[in-house]
Structures are given as C-alpha cells and as structure tokens.
Amino acid sequence: MSDQATTAHPSLPGAAHSESAIAARSRMKTGHFKWKALIPALYIVFLLLPIYWLVNMSFKTNQEILGTLTLWPQNPTLRNYEVIFTDPSWYMGYVNSIIYVLMNMVISVAVALPAAYAFSRYRFLGDKHLFFWLLTNRMAPPAVFALPFFQLYSAFGLIDTHIAVALAHCLFNVPLAVWILEGFMSGVPKEIDETAYIDGYSFPKFFFKIFTPLIASGIGVAAFFCFMFSWVELLLARTLTVTDAKPISAIMTRTVSASGMDWGVLAAAGALTIIPGAIVIWFVRNYIAKGFALGRV
Amino acid sequence: MARIRLDHIRHAYSPELAKANNYALREVDTAFEDGGAYALLGPSGCGKTTLLNIISGLLTPSEGHVRFDDRDVTMLTPEARNIAQVFQFPVIYDTMTVRENLGFPLKNRKVPKAEIGPRVDDMLRRIGLAAKADRKARGLTADEKQKISLGRGLVRSDVNAILFDEPLTVIDPHMKWQLRSELKQLHREFQMTMVYVTHDQTEALTFADKVVVMYAGEVVQIGTPEELFERPQHTFVGYFIGSPGMNVLPCKLDGGEATISGERIKLPAAIGRAKSGKTTELGIRPEFVSLVPRGQGIPVKVEKVEDIGSEKIVRARLGEHRVSAILHEDQSVPADADIAFAEERLNLYADSWLVARA
Amino acid sequence: MEKTWNNKAWFFVLPVLLLVAFSAVIPLMTVVNYSVQDSFGNNQFFWYGADWFREVLTSERFHDALLRNLLFSAIILAIEVPLGILVALAMPKKGIWVPVCLVLMALPLLIPWNVVGTIWQVFARTDIGLLGYTVDALGIDYNYVRNVLDAWVTVVVMDVWHWTSLVVLLCYAGLVSIPDAYYQAAKIDGASRWAVFRYIQLPKMGRVLLIAVLLRFMDSFMIYTEPFVVTGGGPGNSTTFLSIDLVKLAIGQFNIGEAAAMSLIYFLIILLLSWIFYTVMTNAGNDKPMTGGAE
C-alpha cells in the first residue's frame, strides 16, 4: 500500500534535502550549545575530582606524594598495588568483605521474599505494626547496636566470623529488602496469582516458576541495595571482626598507625574498594533510578 | 482566528529516519479556512497527530512552512502561535483546583483578573463542573479531568485555532455525544477554526464541516462528508468511510468494458475511455449494488447475510474478489442470485487514485 | 489492591521475624538492661533506676551533640535537596548520556564510608590534597584539623559530595515518569519555566522527594564514620555528632550505663522520626493521583 502512496508525488525532493533541513531547523530552534548540560557535567566533575585524586595518588611514590603537588603521576608506579596483592593480610580483606556481603545479600533476599509476598497480598493480624517495626530497624543507628552486638556474638562464639557480620547487616538490609520487594510485588496484579491457582499450580511452583520471574528486576534492585549497604558499612563490621574476617575498609586504617603514613598504599587500597561498587552499578544501571525510589515511583 | 496554510510540509522524526525514507508526513500541502471545523481522519500511524503537533508548534516540520494568514509561524513556539490544544489523555494540574486549572492559560497570558473570573465561570457551566469548581483537580474522575482539559482549551476565546487530539477517547459513550454537540455549539457561537483528530469516522463525520482523510503520511482527500461518501478520491477513502466500505474490484479495461475475474461489465461512456494505470480498479459502494434474479447480472456466490435491523448486508464472492451489498431489510435474498451495479455510481481508480466517474 | 485477610501469612513473615529478633530485639534488650544498671567493672552490676536517663537528658554534652547534629542535618538538607533537584532537572531524559550520568552519579554512594572519609581527608589536606592546596594557594587560611569552621565546611562538603546523588536519582525517577503530554500542554497553555516546575514537576516529584528528604534527614542524624575519619570529632568536640559521642562514651570511656541510656533516647528520637515518616508516606500513598498517561 505504501508504494501506492509514494507514486502520488513522484516529484518529492530527495531525503538528503530533509536531513540538512532538519539539522538546520534544530540549530535555529535550540542554538548551538545547551547551557543546561553544564549543570550535570559540572556536578559530575565535582564528584569525580576527589576520586581522581585518590587514583592519581595510588600510582605515585610516597616521595612524589609528599614532595610537590602534581596533577598526574610523574613516575607512575604499581608498587602500591603490588604491596596489596602480595600481602595476604591486605588482599584477604577484600575477600572477607566480598564473602560477608554476598552472604548477607543471599540471606536478606531469601527471607525477605516470602515476607514481602505476605505484605503485598494479605492482611493479617498486626501486619501494619509489623511493617512499621521492621522499618524502624532500618532507621536504627548502628552506633546503638555496636556494643550489644559484640556481646551477643561473643556469647555465641561468632566473633571474627563472616556470618556474624552478614547477620548483623541483616538488621538494616532485611527491612530494606522487604520494603523494596513489597513495592515491586504490589505492581504485579493479583489476578496472576489467582489464574495460576485455577490452572492447578501449587504455591511453591507458582512462586518460583511464575511469580519470581515477574519481579526479577525487583530482586535485582533489592540485592543491589543489600550489596551497597553491606559494602559501605564499617562500624559494625569492624566491631565484630578481629583478623580472620576483617573487612578491607577496616584494614585500611592500619596504614595510619604504621611507621609514618604510607599514603600510596592507602590510596591504592581505597581505589580498589571503589571497583566492586562500580561494577555492580553498571549491572543495574537501567533500574537504578526506579530502584532508588524503592520501586514506588 | 486565522486561516492555516500548510505549505509543502514534510516531516521525519530524525535525520536517520529521513535517510531511510521513513517519513511521518510525506508531503502535505493544504489549507484550513478561517472558522472551519475540520476533522483529520485516518488509521493509527497515518501522521494525523504529527500534523496536529506541527500546526500547534510542538513539532517543527523537517521541511515546508506553516502560515497563519500571511504570517510564517514555522519556527514559532506554541505560545507565540496562540493556539489551544486538547490531548488524548487528560492533562490536569493536580495541585490546582478546577477553577485554577481553567484560569491557568489566561493567567499566563496576563489577561486581567476581572476578565478571567467571568470567563472561567462561563466555562465551568458549559463543561458542567460548576459544582466542583473549588475542588482539587486530582480527585476527579477521568471524564471530569478530560472536561477540564477541554475547558482549558476553550476558555481562550482569542486563539487562532483549537486543536483536538482524539479528545473523547477516555469519555463514556453517552457523554461523547453530549460533549461533541457542546463543541459544535461552541464552534457555531465563536466561529473558531477547529481541527479535530480522530480515527472514528462517525466522530469525524458528525463533528466536521470538512473531513481531511489521511493515509500513510499524506492527505488523500478533503471534502464534506457527502463528497467523501459519493466521490472517494482514493481507494483508501472508499474503504475507510462507510460501513461496510466501498467494493474495490481490480479489473481490465477493454473497449468500453471492464473485465473482473472473467466477467465482462459494460461501463458508462465517461468511464470506458479512461486511461488505465499499473493497477486499475472499479469502485462501487455496497449501497449501490443490488441483487437481481440469476441471469440478469453478474453471477456471484452469496456467502453470508448479516441482518443488522434496518438493512441486510450481503457478503458475496465474485471470482476471487469479495463484494458486499446493502439491501433493504424486507428484501429477500435468493439462494442463487446475480448482482448489478448502479452504473451512475461507478468510480474508476488507476493506481488507487480516482481517474473517472460516471 | 484489595488484600485478603489471612492469618497464615504470618508463616511467610516468620523467617524475617526470627532473624530481626536475633539481630535487633536481643541487642536492644541488652541495652535496656545496661541502661538501668551501673557497674564498677568486673561484670558487677547493680540497679541504678532511671538515673542514667536523667543524667543524659540533663547533660550539656548530650544537648550539644544533639544540637550539633540537628544543625548539621539542617545544613546538608538545605544544600542537597535544592542541588539534587537542580541536577535532576538538567539531566538528559533520554539518549546515551543517561546511563553514563546515572552510573557516574551513583558512584560515591557505593564507596565504603570510611574510604569516603579517607578520600576527603586526603583531598582537603593543604600539603598533599588538591582541594586544600588550591584553597591555600588562593590565600585562604584553611585547616580542617585546627579551625572549627573549616572542619564544618569540610564535613558538609563531603556529605554533599557523598549523598546529593541520592536526591538526584530519586528526583530523576520521579521526573521521567511524567508523560510528555504534560509538558506539551504546559507549552500550549503558555506556562513559564517556573510554572512548569511549580505545577507539573514538583507535584509529580512530591512523593520521591519526601523519601529523599526523610532518608537524608535520618541518615545524617546517624552519621558516624565519615566525619570520624576526617576530623575524629574535633577540633575540640566541634564535629562530635550523636553517634560519635555515643561510641566515645561506650568504648572510649567505657561508661556503659550512660551510653545505654543515651542509645535508648537516641533511638526513641529516631523512632519518632520514623513514625512521622511512615505516616506521611502511607498517607501520600493513599492519595496517589490517577493519571491517564503512560505511567
């Protein structure tokens, strides 16, 4: 049909004409440069400058750092990274952090899934109070819990284990996961549940085969936030560990007390803690805005 | 008020699309007369909303010019064009009251307060929301919200034109009638240029003085409802207008006669001599097809008869082509029948465009 | 959505309940226990009643820390919220720059908090830090270790650097959910840029902005690690916020009873804030406006 219509105006000017016309007209309308773009650009520069400075320092020798101020390494060196990657007491810090963060992520999402389902689908005795009480735990200052946690986990012989930190971080991550997942689950119409039951699905089969895929992005966002808050937290992680499970961020403070300050290694260690976060953000970049709104835009 | 002239408008949404020859509007060159009520009618994706947005200034066409009277407004903003537009889905300002919503476009244009009040009150009455004037707009139903949107468009009496983009989609059927006649009433009262986009032919034909039928990015015909019905300029207009649409039968011309699936049909002199194109088609409205006893017309196979109350629609097959005919309800349909075409109602199309009619 | 009444749903909530009971209720009971006792070391405790609470509530030190914290929260909110809105408004709505912007902006949020402290500690030093060096070179006498004002400025700028992106991301999520037709209608109605913001964008952002404000308020109220790394609470006690003070009291001075009482008061303040937060949030949810557009 469309070529019938084309034949109606055999004398139409060529497409190239339009291309230049569109470009010319959009220039006339908006001008050559969008000043508005400066705001996010400047903001990002503001965010990246301190990070750049850290990375810059991590490639310098201590003499250069303490000598004159240079905007980029004059004698780039990998020594600082070498120190970290050859010393188990350094690199095990990363391994420890990753282990308890992943443990926390799995535990938080696993227990939050059924609870979020209950909150999004049913009314039950005390549900509103329970939900509020869970939320208050997200608001609890870790400083309040540091000491009692230490005593509690000592009593169970859990001090300096990964699971101790993972469980402690559940304090604020489980409520958050429940909250995010509830938001995403409420976006799935209830008719889907009912149809599945009518079709003869058992509850577990329905939950894992039908429901879970529908809220996959929500699970991703919840896992992302568990990762984020467990990864960035230091107070509890440091309190509950001595050596075997000590997180990298706590080990970093070591350079402070050593003979003088080893700025280069400190910078390298810091720079390395940024990488896991950056990788994780890249994976959830399409959901990040909605995720930060906790699935409730 | 202004006459809107669309001077060789073409539009592609990006240079890449233009390069791929993918135009939302291929070429539109037409004018809307001052004070007319026009409907832009066509299927989804034919470019009618694009054209509307070009008139209002939300879009700048890739090529061509838009003129209001003698003024070239192609590069002007919607505000500078002084246009009102109502969208398919209700757009209301949630935090304002109904009254504030209606007054908003006037306030923005610095209309004196003393004038805003009475005009808003008048509009509140017309859209039937006077009782809810001081309620926040967010709590209202979709119907009421769309009435506010309409009211915001109509409250400005000095606009060059009012554009409607399928404004009644979310309105209940019984309300549609009421609102449409209200719009007609307003049109008669203020003599504003109105352009109304719709894909619903009933809506277009009842609202507009002139209907602009669009198809695949082009205007295929502009005419009164009668003209569209009686003289479709393009086979698409034939299909699209009328229910069922016009019968369009591919044929071969040969010495004053047409051959359709091997059946020869004598043509009136005016058509018989027409030039054929790559494709040649004979068009006739089902209203002008009659059933005659076997042997007196063109033999067909009747496949189905639909009784829709006042009339019967006969669906038949002529060779490999489908033909419909509309009969009066008390006419009987024999099992074997021939059809006959009212000669003076025949249209001949070459390459889909009307070349001759009886 | 209409929910069915089903008390069996409790079974679904049970795992969460047990876990949170273990990680929240038991520790909290310990805190309560300490708050009403005193000890002379050696795990010898005796009943002390409500005296610790009285002591904390009347202590100047607690009042100062509380006021300092409130001032800090007020300042960072006053900067981060408008700045976050501004950046969100100026961000591109579609195209290849969107994921780039989002990822770069989210970066500070995923840096361990003490590393954030370290980054700024280094960045603001006048000898080896770019910021400190530059400010110093401009002839401004700047030293965040000795000068109270400089310490505050550093801590505030650090928090702005660290958390403004949260406000940006939340506002951006609200902004992209506004259908195009709203902006088109505003153009037709001749609305000014300010009116578009005031009557379209702000109302649509309202909900997420509320989340942003309250999250930022509560988190800044609990801030510990970042200022601790940079200033250690000093100079003097000038950047000793509630959490820092609490840890000093509990671990530094090992004054467990008073620390426990302070914890509970601190927690109650936060609980009150959470309750306001929750009430406002659920009410905002009930009144969610229906929009016909492509939400």
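A crossing of two helices is called right-handed if the near helix is turned clockwise from the far one by less than a right angle, and left-handed if the turn is anticlockwise. In the predicted model examined here, the crossing of H7(C) and H9(C) is right-handed. The contact is made, on the side of H7(C), by residues including Asp159(C), Trp163(C), Leu166(C), Leu170(C) and Leu175(C), and, on the side of H9(C), by residues including Gln201(C), Met205(C), Val208(C), Ala212(C) and Ser220(C). By class, the residues of this contact comprise 13 nonpolar, 3 polar and 4 charged.

Two packed helices are described by the angle between their axes and the distance between the axes. For helix H7 (residues 148-176) and helix H9 (residues 193-221) of chain C, the axes approach to within 8 Å and cross at roughly 150°. Because angles over 145 degrees count as roughly antiparallel, H7(C) is roughly antiparallel to H9(C).

In chain B, an open sheet is formed by 3 strands in the order S12-S13-S14, with antiparallel pairing. Strand S12 (252-254) and strand S14 (263-266) of chain B stand at the edges and have a single partner strand each, so that one side of each is left without a neighbour in the sheet. On average, and with direction ignored, neighbouring strands of this sheet are turned by 30° against each other. Between strand S13 (residues 257-260) of chain B and S14(B), the antiparallel pairing extends over 4 bridges, and Arg264(B) in S14(B) is the bridge partner of Thr259(B).

Technical notes:
Residues numbered from 1 in each chain as written. Chains lettered and ligands numbered in written order. Predicted model: local features only at pLDDT ≥ 70, side-chain atom pairs only at ≥ 80, totals over all residues. Axes fitted to C-alpha atoms, helices over the stretch in contact; angles between N-to-C directions. Helix = DSSP H or I, 4+ residues; strand = E, 2+ residues; numbered from the N terminus. Parallel < 35°, antiparallel > 145°, perpendicular 65-115°, else oblique. Contact = placed C-beta atoms within 7 Å. Nonpolar A, V, L, I, M, F, W, Y, C, P; charged D, E, K, R; others polar. Pairing = 2+ DSSP bridges.
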